[in-house]
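Good morning, everyone. I have one structure for you today, so please take a look at the screen.

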Amino acid sequence: MNWFPSQCFTWSKHATNGRVERFIRTLKDKTEKIKLEGRLGNQFNTEAIQYATVLYNRTWHSSIDEIPYEAYFDTTLTEGEFNALKMF
């Protein structure tokens with residue numbers, strides 16, 4: 001039997017912290033939306049989660065008043081980097 005990380009992933013195994021749970025819910029919603037829009041099955045969970053994380057980190061966050069990717073890497077995303085994002 002082949003083993004894939006997506007077969008072992010569950011949303012229910014996480015900390016019971018309000019901030020963490022909110023992030024997990026946001027990531028789950030983005031992942032499900034990506035799969036729905038792309039008409040993809042559960043076998044694409046891993047890839048959809050990774051792409052949802054990329055999108056999340058390139059979205060404005062009012063709590064830090066900037067884009068997390070830019071804050072972490074101390075850089076500014078260019079228009080070309082935003083245009084490189086494609087439909088999943």
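Start with the order of elements. Along the sequence, the protein chain reads α-α-α-α-α. That gives five helices and zero strands. Helices here are DSSP runs of H or I with at least four residues, strands are E runs of at least two, and numbering starts at the N terminus.

A word on the source. This is a predicted model, where local features need pLDDT of at least 70, side-chain atom pairs count only at pLDDT 80 or more, and totals for chains, interfaces and linings use all residues. Residues are numbered from 1 along each chain as its sequence is written, and side-chain values use heavy atoms, with hydrogens and water left out.

Now, how much is buried? The chain has 88 residues, and 20% of them count as buried. Buried means under 20% relative accessible area, with a 1.4 Å probe and protein chains only.

Next, the core. A nonpolar core is a set of buried Ala, Val, Leu, Ile, Met, Phe, Trp, Tyr and Cys residues joined through side-chain atoms within 4.5 Å. The largest one here has six residues: L27, I34, A48, I49, Y51 and A52. Helices α2 (18–37) and α3 (45–57) each give two or more residues to this core. The largest share, four residues, comes from α3. In soluble globular proteins, nonpolar side chains tend to be buried together.

Last, one residue. T31 sits in helix α2. T31 is buried, at 1% relative accessible area. A polar atom of the T31 side chain lies 2.8 Å from the backbone oxygen of L27.

Notes: Buried < 20%, exposed > 50% of the residue type's maximum accessible area, 1.4 Å probe, protein only. Polar contact = N/O pair within 3.5 Å; in protein donor to acceptor, adjacent residues only side chain to side chain.
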